[in-house]
Amino acid sequence: MAGAGINEGTPVTTSDGSPVEVRRSARRRRTVAAFWENGTAVVAIPAHFSGAQEREWVHRMLEKLRLQGGRGSKAAGKRRTGSDAELAAHAAALSAQYLGGRAVPASVRWVTNQNSRWGSATPSEGTIRLSHKLRPMPQWVIDYVLLHELAHLLVAAHNAAFWRLLSAYPETERAKAFLEGVSFATARGLSAEQDGGEAAGDLTADVVEAAAH
């Protein structure tokens, strides 16, 4: 079973003052991962690690997170799309940045009745709906889905012209892979908590992982 804690001598904050949490997992055998969750730097380690190994790997992985850049900062953890109004405003900003402002939705809102799709658009009405299941996902994933639906207001089909619209967004392929991974795990009844929780909660940075020998 997984556990959480920080041994004596392990830093309780990152270099910029963010809290640190260590999660031990019996299912994790040979890898260590680090990621940001709700402003906290989480380091996932095998349950069998000694205190010395924990301290060593926490230090290593916090350094990897630091070198990775700003996605894990406290500022990055702040959601810009909490309410429907914020989501609509953010959609307008994304349209201006990546689509030349050509996609102008009549409404953009969160919905709870989309279980098989991350988002949907009705071009004839100019409406966009995003699944509430996206809320805990990284902002760059939400932005991709939002841009995807904005692009559908301009091109209804998934044709070459549609994908050219999305080529301006640098996280398109990464976000598609992320969502495919989530769908794969969900379809097989897998849970992020089965492997230390790396995919659960509000992730505001990529997971960085290393082999533990």
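Guide: Let's begin with helix 3 and helix 5, which pack with their axes 9 Å apart and at an angle of about 100 degrees. An angle from 65 to 115 degrees counts as roughly perpendicular, and helix 3 and helix 5 are therefore roughly perpendicular to each other. Do keep in mind, as you turn the view, that this is a predicted model. On the helix 3 side, the contact is made by Trp140, Val141, Tyr144 and Val145. Helix 5 brings Thr172, Arg174, Ala175, Lys176, Phe178 and Leu179 to meet them. Sorted by class, the residues of this contact are 7 nonpolar, 1 polar and 2 charged.

Arg174 forms a salt bridge with Glu171, and their closest N and O atoms are 2.7 Å apart. Glu173 counts as exposed at 55% relative accessibility, while Lys176 is partly exposed, with a relative accessible area of 22%.

Now follow helix 3 to another neighbour. Helix 2 packs against helix 3 at an angle of about 75 degrees, with the axes 10 Å apart. That makes helix 2 roughly perpendicular to helix 3. From helix 2, the residues that meet helix 3 are Leu87, His90, Ala91, Leu94, Ser95 and Tyr98. Facing them from helix 3 are Gln139, Asp143, Leu146, Leu147 and Leu150. By class, this contact has 7 nonpolar, 3 polar and 1 charged residues.

What do these helices rest on? Look for an open sheet of 3 strands, in the order 5-7-6, with mixed pairing. Strand 5 (107-111) and strand 6 (119-122) stand at the edges, each with a single partner strand, so one side of each is left without a neighbour in the sheet. From one strand to the next, the twist averages 15 degrees. Strand 5 pairs with strand 7 (residues 127-131) in the parallel sense, over 5 bridges. To find your place in that pairing, pick out Val108, which stands opposite Ile128 in strand 7. Helix 2 (residues 84-98) packs on the sheet, where it touches strand 5 and strand 7, and its direction makes about 130 degrees with that of strand 5. Helix 3 (residues 139-154) also packs on the sheet, touching strand 5, strand 6 and strand 7, and its direction makes about 155 degrees with that of strand 7.

One last stop lies elsewhere in the chain, and it returns us to salt bridges, of which the count comes to 5. Among them is the pair of Arg24 and Glu54, whose side chains meet at 2.7 Å, N to O. Arg24 lies in strand 2 (residues 20-25) and Glu54 in helix 1 (residues 51-68), so the pair ties together parts that are 30 residues apart in sequence. Both Arg24 and Glu54 are buried.

Note on methods. Residues are numbered from 1 along each chain as its sequence is written. This is a predicted model: local features need pLDDT of at least 70, side-chain atom pairs count only at pLDDT 80 or more; totals for chains, interfaces and linings use all residues. Side-chain values use heavy atoms; hydrogens and water are left out. Two strands pair if DSSP finds at least two bridges between them. Helices (H or I, at least four residues) and strands (E, at least two) are DSSP runs, numbered from the N terminus. Axes are lines fitted to C-alpha atoms, for helices over the stretch in contact, and angles run from 0 to 180 degrees between N-to-C directions. Contact means heavy atoms within 4.5 Å. A salt bridge is a side-chain nitrogen of Lys or Arg within 4 Å of a carboxyl oxygen of Asp or Glu. Buried means under 20% relative accessible area, exposed over 50%, partly exposed in between (1.4 Å probe, protein chains only). Angles under 35 degrees count as roughly parallel, over 145 as roughly antiparallel, 65 to 115 as roughly perpendicular and the rest as oblique. Ala, Val, Leu, Ile, Met, Phe, Trp, Tyr, Cys and Pro count as nonpolar, Asp, Glu, Lys and Arg as charged, and the others, Gly among them, as polar.
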